[in-house]
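Please walk me through this structure, beginning with a charged pair and ending with the fold as a whole.

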Amino acid sequence: SSDHISTVVEDATGTLWVGTEENGLNALRFKEGAAGWQVARTLTVDKGMSSNVVLSMAVGLNGDLWVGTPDGLNRIRGSHVSVFTSADGLPDDFVRSLLIDADGSLWVGTRHGLTHWPTAGRGAAAAQPEPGLKTYTRSGGMGSDLVGTMVRDANGDLWVATLEGLSLLQGNAISNFTTVDGLSNNVVTALLPRSDGTLLIGTQGHGLNQWAGPRFSIVRHAGLEQATIHTILDDRRGHLWFATEDGIARCDSNGADKADQPGTNCSHWIEFGTAD
């Protein structure tokens, strides 16, 4: 429904859900033969969505699709769309990020804090504010109320990117990290946990950092140091891939996921742009 794509996820059935910046959500399914990928369904405001602007998505363990928009959180269950807003207990209608936890619960990142919804994968649309919701804010120990991407690391700890550094949730304890603790920039834009317990951290305009506990370090490379990194992926073939403001970039990371060299190696930086 639009050429301006904001986010993409794949569900357990193989359907690709493609969110756009202006014209809602598309479901793509693959058809054998010449047809290939086809748009099977488009969801917009007139189909029950709270907004045509899609900011974030996550697939629940029970198959629900959760969609964050500037005007609330949407749950797509089969053909039914439910909308949840601040009237249902969220701290804000602007849902910037989503994470499905291993137990099926949902973490919701907003401009006014981080909310945990333990029973998100069960029940019908909430008619009353959800009693199980818990919201974490600056007043409760978070480094910032402006929440971005979130990941669980190999140790089971929850890392939360914000516009004012990183927050680490370990049970009920919250720790916060900024440039004072070794980050190259407080605006954290991407996170990638590694199997060795380390964490790669993309920043706005200040490249790539890593956490190898108990400290942060900057991954030094000429192509990285001024980069804004939106996404980091490991292809498990010895490369890290980065979405940046200038296109896509790749570096070799052989040994980066080993205990004797945790996350430090990023050599042979290659950039790909419109000319490629």
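Arg152 is partly exposed, with a relative accessible area of 31%, where buried means under 20%, exposed over 50% and partly exposed in between, using a 1.4 Å probe and protein chains only. The model is a predicted one, in which local features need pLDDT of at least 70 and side-chain atom pairs count only at pLDDT 80 or more, while totals for chains, interfaces and linings use all residues. Residues are numbered from 1 along each chain as its sequence is written, and side-chain values use heavy atoms, with hydrogens and water left out.

The partner of Arg152 is Asp101, and their closest N and O atoms lie 2.7 Å apart in a salt bridge, defined as a side-chain nitrogen of Lys or Arg within 4 Å of a carboxyl oxygen of Asp or Glu. Strands (E, at least two residues) and helices (H or I, at least four) are DSSP runs, numbered from the N terminus. Asp101 is buried, at 10% relative accessible area.

By this rule the count comes to five salt bridges. Another of them joins the side chains of Asp64 and Arg77, again given as 2.7 Å from N to O. Asp64 sits in the loop between strand S5 (56–59) and strand S6 (65–69), and Arg77 in strand S7 (residues 72–77), 13 residues apart. Asp64 is buried, with a relative accessible area of 2%, and Arg77 counts as partly exposed at 31%. A further salt bridge, between Arg138 and Glu164, has an N to O distance of 2.7 Å. Here Arg138 is partly exposed at 40%, and Glu164 is partly exposed at 35%.

Which rings pair up in the model? A pair of aromatic rings is described by the distance of the centres and the angle of the planes. Rings of Phe, Tyr and Trp (its six-membered ring) pair if their centres lie within 6.5 Å; planes under 30 degrees apart count as stacked, over 60 as edge-to-face and the rest as tilted. The count comes to 13 aromatic pairs. Phe84 and Trp117 form an edge-to-face pair, 4.9 Å centre to centre with 80° between the planes. Phe84 lies in strand S8 (residues 80–84) and Trp117 in strand S11 (residues 113–117), 33 residues apart. Both Phe84 and Trp117 are buried. Phe177 and Trp211 form a tilted pair, at 5.3 Å and 50°. Trp159, Phe177, Trp211 and Phe216 form one aromatic cluster.

The largest nonpolar core has 15 residues, and Leu208, Leu224, Ile229, Ile232, Phe242, Cys266 and Trp269 have the most contacts inside it. Such a core is a set of buried Ala, Val, Leu, Ile, Met, Phe, Trp, Tyr and Cys residues joined through side-chain atoms within 4.5 Å. Strands S17 (188–193), S21 (229–234), S22 (239–244) and S23 (247–252) are the elements that give two or more residues to this core. Not counting residues up to four places away in sequence, Leu224 touches several residues, including Leu208, Val219, Ile229, Cys266 and Trp269; contact means heavy atoms within 4.5 Å.

Over the whole protein there are zero helices and 26 strands. Of the 276 residues, 47% count as buried. The C-alpha trace spans about 55 × 50 × 25 Å along its principal axes.
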